[in-house]
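I opened the notebook with aromatic rings in mind.

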Amino acid sequence: MSTALSDLGLTIPVVTAPMAGGPTTPALVVAAASAGSVGFLAGGYRTAQGLAEQTAAVRAATIPFGVNLFAPNPTPVDPDAFRRYAATIQAEADRYGLALAAEPVEDDDHWADKIDLLLADPVPAVSFTFGIPEGSVIAALRKAGSITIQTVTSAEEARAAAEAGVDALAVQAAAAGGHSGTLTPQHFPAEIPITELIAKVRGAVTLPLIAAGGLATAADITAVLRAGATAAAVGTVLLRTNESGASATHQAAVADPSRRGTTLTRAFSGRPARGLRNTFIDRYDTLAPLGYPALHHLTSPLRKAAAAAGDPERVNLWAGTGYRQATAEPAAVVLRRLAEST
């Protein structure tokens, strides 16, 4: 195991990816550790207090773990485009008696408060997605004792992250479920195989690499390790596990054999993300403007109402291309099976 990752206690070369919005729970992180993996709490969409409660729950198990944060990289929405889109999708919200926001909400996901929290109460590892933090932030976290990891989607982004001073990279292919970590969300990430992407990044930097994106079988894990990754990150394959916090609606959709596969879309959040195709994506994908987090906040009430009602056609069913491998069993069983041939 690479020096930068050795302190995380990995005995299998598999980590559990942070899945924001509910799927990643403290129980999932603890289960990962029991299998020799390490889990990352999803700090995205949480307040600093909410994140502190989750870190406290994991600390009680006395295990190594990480926290993922959405680093600021704003893509403000055009106000007129926002209003047009809001008016267009209001018909979907009418099903639940909801009035969608008329004006955009822009924020930085409580970034400064979460950094203050992690500096005051350090965790073993901190990873960043969406943007590269200032070098001073990375240096402060490292001084506090945290391993720092940056999500990248290309060799160019990898070079920038290395220059910023992080310890390792999470190399995310377009096959990954949920939001792409691309630093240029106005463009969809290139859909190249994860093994090819790892090889490109390995040729650009010397940092340890964690491969991510569509990895759902032991053969997938073996392939990325052979391509030059130090470890692999998995998320979608854990969505149906006993410890998953994914909604019942989400889990049922992942298990539904009639689903039409996954696609990259910005219909729900204004930023590229991969999920299962559904009616909302079919209707609004080409109409959605660029604009994160404004569109995320706009559609959030609709998505929550649809999930609660068991309506998979109006909720973001984030999933990677390997979603059909997701099984209903303990997470530790899944993780050990993925590492069998490594």
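I counted two rings of Phe, Tyr or Trp as a pair if their centres lie within 6.5 Å. The model is predicted, so I kept to local features with pLDDT of at least 70.

**Entry: aromatic pairs.** I searched the whole structure and found 8 aromatic pairs. I then looked at F130 and Y292. Their ring centres are 5.3 Å apart. Their planes stand at 75°, and planes over 60 degrees apart count as edge-to-face, so I logged the pair as edge-to-face. The two residues come from distant parts of the chain, 162 residues apart. F130 lies in the loop between β4 (125–129) and α6 (135–143). Y292 lies in the loop between α11 (279–284) and α12 (294–309). Both F130 and Y292 are buried. I also noted one aromatic cluster, formed by Y85, F268, F280, Y284 and W318.

**Entry: more on F130.** What sits over the ring of F130? I found the charged end of R271 there, 4.0 Å from the ring centre. I checked the backbone too. F130 is not a glycine, yet its phi is positive, about 85°. Its relative accessibility is 3%, and buried means under 20%, so F130 counts as buried.

Entry: I found a cis peptide bond between Y292 and P293, with omega about 15°. P293 is placed in the loop between α11 and α12.

**Entry: D109.** D109 belongs to the loop between α4 (79–94) and α5. I read 13% relative accessibility for D109, which counts as buried.

**Entry: α5 against α6.** I asked how the axes of α5 and α6 cross. The axes of α5 (residues 111–120) and α6 come within 9 Å and cross at roughly 25°. That is under 35 degrees, so I noted the two helices as roughly parallel. From α5, the contact uses W111, I115, L118 and L119. From α6, it uses V137, A140 and L141. I sorted the contact residues into 7 nonpolar, no polar and no charged.

**Entry: A4.** I placed A4 in helix α1 (residues 3–6). Is A4 buried or exposed? I read a relative accessible area of 19%, and A4 is buried. Leaving out residues up to four places away in sequence, A4 touches I147, D167 and P208. I also took a distance from A4 to S244, 240 residues away along the chain. Their C-alpha atoms are separated by 28 Å.

Definitions and conventions. Residues are numbered from 1 along each chain as its sequence is written. This is a predicted model: local features need pLDDT of at least 70, side-chain atom pairs count only at pLDDT 80 or more; totals for chains, interfaces and linings use all residues. Side-chain values use heavy atoms; hydrogens and water are left out. Rings of Phe, Tyr and Trp (its six-membered ring) pair if their centres lie within 6.5 Å; planes under 30 degrees apart count as stacked, over 60 as edge-to-face and the rest as tilted. Helices (H or I, at least four residues) and strands (E, at least two) are DSSP runs, numbered from the N terminus. Buried means under 20% relative accessible area, exposed over 50%, partly exposed in between (1.4 Å probe, protein chains only). A charge sits over a ring if NZ of Lys or CZ of Arg is within 6 Å of the ring centre and within 35 degrees of the ring normal. Axes are lines fitted to C-alpha atoms, for helices over the stretch in contact, and angles run from 0 to 180 degrees between N-to-C directions. Angles under 35 degrees count as roughly parallel, over 145 as roughly antiparallel, 65 to 115 as roughly perpendicular and the rest as oblique. Contact means heavy atoms within 4.5 Å. Ala, Val, Leu, Ile, Met, Phe, Trp, Tyr, Cys and Pro count as nonpolar, Asp, Glu, Lys and Arg as charged, and the others, Gly among them, as polar.
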